[in-house]
Amino acid sequence: MGELSFYNDLDKLLAVMPPVITENLQKEELDDLVELVMDLGRKPEARFSSGEIKYISQNLILEEDINYVTSRIEDFTLDNRSGVAGTLHRISAIRNRKNKVIGLTARIGRVVTGTIDCIADIVKDGKSILFLGRPGVGKTTKLREISRMVADELKKRVVVVDTSNEIAGDGDIPHRAIGNSRRMQVASPEKQKDIMIEAVENHTPQVIVVDEIGTEEEAQAARTIAERGVMLIATAHGNMLENLIKNPTLSDLVGGVSSVTLGDDEARRRSTQKTILEREKQPTFDVVIEIVDRETLAVYPDVATAVDYILRGWPIQPEIRKIGYIPKEKKATEPTVETKKEPEFTSTLNRDFNVKKYIDENKSYRKIYIYSISRNIVEKAIERLNLNAKVTKNIDDADLVISHKSYAKGGSKIIEAAQEFKLPIHFVKSNNMPQIQKALKIALGVKSDDENPTFHDETDEALEEAQKGVIKYKETGEEVELSPRSIEIRKIQHDYIEQHGLKGISIGEEPNRRIKII
């Protein structure tokens with residue numbers, strides 16, 4: 001089993017700290033020191049990885065102490081960060097309203113080796129890898145070690161795009177932790193996307209390493225890099241692959257998601273509803289690795305397959321690797337997913353899961369998430385109408401949402417949630433059996449066989465028309481005109497349309513004035 005090794009340059013950080021800090025720190029065990037905090041008029045603090053906080057001195061921090069540090073380091077950049085040249089330590093500033101520095105946070109940077117031994121086989125395959133995980137679990141540490149390994153051991157041309165000198169430390173000479181990799185500094189986060197493209201166009205890299213892809217522009221730059229055949233190693237905001245799929249800003253990294261309407265025959269063949277979510281394109285990254293904790297990695301070695309399974313609601317289990325695990329040598333090449341006629345599970349999937357059985361058991365059920373209406377009435381209505389549907393407690397497991405009409409406007413949370421999960425939402429006027437039955441029929445596309453005319457409510461009808469208009473616009477991209485309505489009814493329709501991220505304009509003259517969805 002491999003062992004982790006650590007090294008740091010703590011003496012270089014202490015050299016820029018005021019004597020009140022250094023004299024007292026020498027008495028402490030500093031192996032798990034995480035941060036030093038200096039705030040004007042408060043006692044200096046030492047923070048440790050265990051969560052413990054110790055006061056370094058009983059003396060309060062004075063303006064001279066702050067100035068002592070700032071005079072010994074480089075000027076702060078636009079994001080209020082600086083560092084100690086030749087080290088991975090980062091010093092961040094807190095300023096007052098007059099832009100004067102009144103607080104400092106010194107974050108200890110350590111080189112940790114041995115953290116990627118368990119995924120060395122994936123790195124050597126030359127596949128693009130995306131790391132996910134909460135702050136502080138070691139994403140940047142792994143980028144450093146991969147940079148060194150690929151440049152020194154695999155002898156590839158590596159360029160590190162280093163925003164705020166997070167990866168290779170402060171100063172013009174990059175830290176030895178990245179080996180022979182070259183480093184391009186990024187002055188401020190908003191310029192990261194431009195430097196990513198510049199690295200490809202000007203320096204002919206085989207591998208690009210970048211920390212924290214967080215904007216749509218950066219995601220597009222990543223796709224551009226991947227399409228040019230460059231191996232990309234990066235981290236992104238988000239803890240899990242499912243979070244990333246549902247993030248409209250970053251979902252393009254794993255292929256993007258679009259709503260697709262199937263024909264009746266195709267829906268029956270797939271044993272699914274007519275409107276489904278599908279992956280739009282090939283993912284930018286071949287492999288996604290979730291950093292569960294400092295010792296555990298969850299690996300999705302085929303991102304395209306994993307995303308497809310998640311969107312279809314099929315169970316999928318990543319391959320768990322622990323620090324110290326040594327991957328086995330690969331055997332003869334197996335057929336790729338594209339050559340298989342039916343979906344089959346790779347080594348990352350739960351082998352006890354039977355796809356055909358799962359489809360047979362769930363093919364006709366629509367899962368409904370309800371909000372502010374009676375679950376008991378909904379379940380009785382489903383039973384009375386003999387519908388292939390059931391109520392689910394989790395919105396992320398639902399196919400559609402039914403809510404009370406009082407939440408149809410005014411920025412309600414349920415509309416925001418439905419938008420986030422890309423679910424159609426239907427409303428009921430009253431929490432009673434007739435209204436809920438009517439909503440279920442509309443939501444599930446059930447034709448009414450009632451011979452007697454039912455009560456006609458213009459507000460309900462107008463909202464239903466707006467719902468269908470929104471769905472049609474999102475599916476086709478074509479402007480949709482609604483039926484003429486009174487000004488009061490149009491106001492409700494306007495609110496609903498805007499809550500779904502679209503715009504409605506009123507056209508025509510009374511009494512034929514109506515809304516166009518654009």
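A residue is called buried here when its relative accessible area is under 20%, and by that criterion buried residues make up 47% of the 518 residues in the protein chain of this predicted model.

**Figure 1. Overview of the predicted protein chain.** The chain holds 16 helices and 25 strands. Among its contacts between residues at least 6 apart in sequence, 60% join residues at least 24 apart.

**Figure 2. An open sheet of six strands.** The strands are arranged in the order E4-E3-E2-E7-E6-E5, and their pairing is antiparallel. Helix H3 (residues 63–70) lies across strand E2 (33–39), E6 and E7, and its direction makes an angle of about 55° with E7.

Figure 3. Strand E5 (residues 81–83) runs antiparallel to strand E6 (residues 90–95), to which three bridges join it. Within this pairing, Arg 81 stands opposite Ser 92 of E6, while Ser 82 stands opposite Ile 91 of E6. Six residues lie between the two strands of the hairpin, in which Gly 86 takes a positive phi near 80°.

**Figure 4. The contact of helices H6 and H7.** The axes of helix H6 (residues 192–203) and helix H7 (residues 216–227) come within 9 Å of each other and cross at roughly 10°. Angles under 35 degrees count as roughly parallel, and H6 and H7 are therefore roughly parallel to each other. On the side of H6 the contact is made by Gln 192, Lys 193, Met 196, Ile 197 and Val 200, and on the side of H7 by Glu 217, Glu 218, Ala 221, Ala 222, Thr 224 and Ile 225. Sorted by class, the residues in the contact of H6 with H7 are six nonpolar, two polar and three charged.

Figure 5. Helix H10 (residues 303–312) is mostly covered, with nine of its 10 residues buried. The buried residues are Val 303, Ala 304, Thr 305, Ala 306, Val 307, Asp 308, Tyr 309, Ile 310 and Leu 311. What covers these buried residues includes helix H8 (241–246), together with strand E14 (257–261), strand E15 (275–279), strand E16 (287–293) and strand E17 (296–300).

**Figure 6. The two ends of helix H10.** At the start of H10, a side-chain oxygen of Asp 302 reaches to within 3.4 Å of the backbone nitrogen of Ala 304, a residue that is itself among the buried ones of this helix. After the helix comes Gly 313, whose phi is positive, near 80°.

How values were computed:
Residues are numbered from 1 along each chain as its sequence is written. This is a predicted model: local features need pLDDT of at least 70, side-chain atom pairs count only at pLDDT 80 or more; totals for chains, interfaces and linings use all residues. Side-chain values use heavy atoms; hydrogens and water are left out. Two strands pair if DSSP finds at least two bridges between them. Helices (H or I, at least four residues) and strands (E, at least two) are DSSP runs, numbered from the N terminus. Contact means heavy atoms within 4.5 Å. Axes are lines fitted to C-alpha atoms, for helices over the stretch in contact, and angles run from 0 to 180 degrees between N-to-C directions. Angles under 35 degrees count as roughly parallel, over 145 as roughly antiparallel, 65 to 115 as roughly perpendicular and the rest as oblique. Ala, Val, Leu, Ile, Met, Phe, Trp, Tyr, Cys and Pro count as nonpolar, Asp, Glu, Lys and Arg as charged, and the others, Gly among them, as polar. Buried means under 20% relative accessible area, exposed over 50%, partly exposed in between (1.4 Å probe, protein chains only). A polar contact is a pair of N or O atoms within 3.5 Å; within protein, one must be able to donate a hydrogen and the other to accept it, and residues adjacent in sequence count only if both atoms are side-chain atoms.
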